Amino acid sequence: VWRLNPQKFQTFHDWMFQGHRTVSTARKFAESLVGKAPLQTELSSAVPGQYISRHVSLYQRVGSGQVPKLIFPKTTMQGEVNSAATLCDTIRNELAIAQQ
């Protein structure tokens, strides 16, 4: 959906996280947003597989394990960040390092 019609991706994303979705219901909803033929063409292309492979490779390069991961030049945060202050401090520190 994101590649075929970026304006409709937020609708698809929000719908996906509103409850348990099966592959079948997700595909049908995606088809309703971008059309059955364009979605099938996109899914049949090499692009989705390449995208997944690239991100699996990145996940492996950063040590696998817990997700989500926030990857900065000098540090990686893994799993849930329970404190906005911790996240903001990490971003500030990384920005300061990057500006040196």
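**Close-up A. Helix α4 and the nonpolar patch.** Helix α4 (residues 47-61) supplies the largest share of the nonpolar patch, three residues. Helices here are DSSP runs (H or I, at least four residues), numbered from the N terminus. The patch covers about 480 Å² and is made by Trp 2, Phe 9, Tyr 51, Ile 52 and Val 56. Patch residues have over 30% relative accessible area and no salt bridge, and nonpolar side chains (Val, Leu, Ile, Met, Phe, Trp, Tyr) are joined within 5 Å. A salt bridge is a side-chain nitrogen of Lys or Arg within 4 Å of a carboxyl oxygen of Asp or Glu. Areas come from the Shrake-Rupley method with a 1.4 Å probe; for residues, only the protein chains shown count as cover.

This is a predicted model: local features need pLDDT of at least 70, side-chain atom pairs count only at pLDDT 80 or more, and totals for chains, interfaces and linings use all residues. Residues are numbered from 1 along each chain as its sequence is written, and side-chain values use heavy atoms, leaving out hydrogens and water.

Close-up B. Trp 2 lies in the segment before α1 (6-16). Its relative accessibility is 47%, so Trp 2 counts as partly exposed (buried is under 20%, exposed over 50%, partly exposed in between).

**Close-up C. Gln 100, after α5.** Gln 100 sits in the segment after α5 (84-99). Gln 100 is exposed, with a relative accessible area of 79%.

Key: Patches are made of residues with over 30% relative accessible area and no salt bridge: like charges are joined within 9 Å, nonpolar side chains (Val, Leu, Ile, Met, Phe, Trp, Tyr) within 5 Å. Helices (H or I, at least four residues) and strands (E, at least two) are DSSP runs, numbered from the N terminus. Buried means under 20% relative accessible area, exposed over 50%, partly exposed in between (1.4 Å probe, protein chains only).
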